[in-house]
Amino acid sequence: MPLALKKNGRKARNAYTKEKPSRAKGSLFSSVRLPKFLAGMFGWLKRLGGLKSLAALTGLLLAAMLVLAGVGTVSLWLYNKAVTSDFFITRHVDVTGNVRLSREMVLQYGGIKEGDNSLAVSIAKVERNLRQTPWVEEVSVKRLLPDRFVIKLKERMPSFWVHKDGVLYYANERGGIIAPVESQNFLSLPTLRIEPGAEDAAPYLSRLMKDMQSGALPIEAGAIASVTVSPGRGVEIYLEDREMRLSIATDDWSGNLARMSVTLGDLARRHELKNVREVRAVNGNVWVILNQSAQN
């Protein structure tokens, strides 16, 4: 007989259908696994039962609050004692890596001085203050208890002077402005001018400085009076002591630089540099222009 037929007016139960087990009343959380400490607490409260468990729980909470308040009070008392103790007075501040900035300027800009309580000094604030100064590129401050700080700097090194809005600034090897030229940190440097339309050639300034330091270009940085970056001439160097200009096109920088170096060396060996007004390295060639007195 099919299973779906009725018997005695009632639908026959499918023998293959399992009846859903009825959940006992009060077993809502029977399948939830609690952490051990919570399970232990609920078990303990269950054993105590009723008002007794409520009173015990209230007592536990009050005790925990008293312990926390006591710990906080003691910690605050200890901190106040520490920040007012002569044992933690700052007696030594070591500064390394500073070139343009004096030690006194570093301490002033950082907002730290000898005599401060070392625990009351915020290292993050000192580092932030120093990074906001134009000369500091990187800084790290270390506290050495009980009475010493170590400040390590990496300064931005100037390579040029730049005129902007009537003010003379120090600029880095890429032409980026650092800070105004002042008497307290005076340093004589070549004047840099980047003509309109030559902004893309500015990265060659850093290559110029590296090539001079390595000897690839046989001139000294101290002999340079000015550097001009122009769309037509590339990087132009003016040597004031010789009244001579050197122009290096950027389309083949390495090749032009090598040819310029060979030409200058040859002119120096023949003692003819004094007769030269300009040397240009462009399009695979080097052009030497003599002074008018030498041409006559």
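**A hairpin and its sheet**

Strands S13 and S14 form a hairpin with two residues between them, and Asn283 there has a positive phi near 55°. This is a predicted model, in which local features need pLDDT of at least 70 and side-chain atom pairs count only at pLDDT 80 or more, while totals for chains, interfaces and linings use all residues. Residues are numbered from 1 along each chain as its sequence is written, and side-chain values use heavy atoms, with hydrogens and water left out.

Some terms come next. Helices (H or I, at least four residues) and strands (E, at least two) are DSSP runs, numbered from the N terminus. Two strands pair if DSSP finds at least two bridges between them.

S13 covers residues 276-282 and S14 covers residues 285-290. The two run antiparallel, joined by six bridges. Val282 stands opposite Asn285 of S14.

Angles here run from 0 to 180 degrees between N-to-C directions, and axes are lines fitted to C-alpha atoms, for helices over the stretch in contact.

Within this sheet, S10 (residues 224-230) runs antiparallel to S11, with six bridges joining them. Val227 stands opposite Ile237 in S11.

Contact means heavy atoms within 4.5 Å.

H6 spans residues 253-269, 17 residues in total. From its first C-alpha to its last, H6 reaches 24 Å, close to the 24 Å expected at 1.5 Å a residue. That expected span is 1.5 Å times one less than the number of residues. After H6 comes His271, whose phi is positive, near 55°.

Which residues of H6 are buried? They are Trp253, Gly255, Asn256, Leu257, Met260, Ser261, Thr263, Leu264 and Leu267. Buried means under 20% relative accessible area, exposed over 50%, and partly exposed in between (1.4 Å probe, protein chains only). The cover over these residues includes H5 (204-214), S11 (234-239), S12 (244-248), S13 and S14.

**Aromatic pairs**

The whole structure holds four aromatic pairs. Rings of Phe, Tyr and Trp (its six-membered ring) pair if their centres lie within 6.5 Å; planes under 30 degrees apart count as stacked, over 60 as edge-to-face and the rest as tilted.

One of the pairs is Phe87 with Phe88, edge-to-face at 5.0 Å centre to centre and 85° between the planes. Phe87 counts as exposed because its relative accessibility is 53%. Phe88 counts as buried because its relative accessibility is 17%. Another pair joins Tyr204 and Trp253: the centres are 5.4 Å apart and the planes are at 40°, so this pair is tilted. Tyr204 lies in H5 and Trp253 in H6, so the pair ties together parts that are 49 residues apart in sequence. Trp253 counts as buried because its relative accessibility is 3%.

**The three-stranded sheet**

Now turn to another sheet. Three strands form an open sheet in the order S3-S5-S4, with mixed pairing. Its edge strands are S3 (92-96) and S4 (136-144), each pairing on one side only. The twist averages 15° from one strand to the next.

S4 and S5 (residues 148-155) run antiparallel, and eight bridges join them. Ser140 has Lys152 of S5 as its bridge partner. Helix H3 (residues 103-110) packs on this sheet, touching S3 and S5, with its direction at about 110° to that of S3. Helix H4 (residues 123-131) also packs on the sheet, touching S4 and S5, with its direction at about 160° to that of S4.

**The whole chain**

The protein has seven helices and 14 strands. Of its 296 residues, 30% count as buried. Among contacts between residues at least 6 apart in sequence, 46% join residues at least 24 apart.
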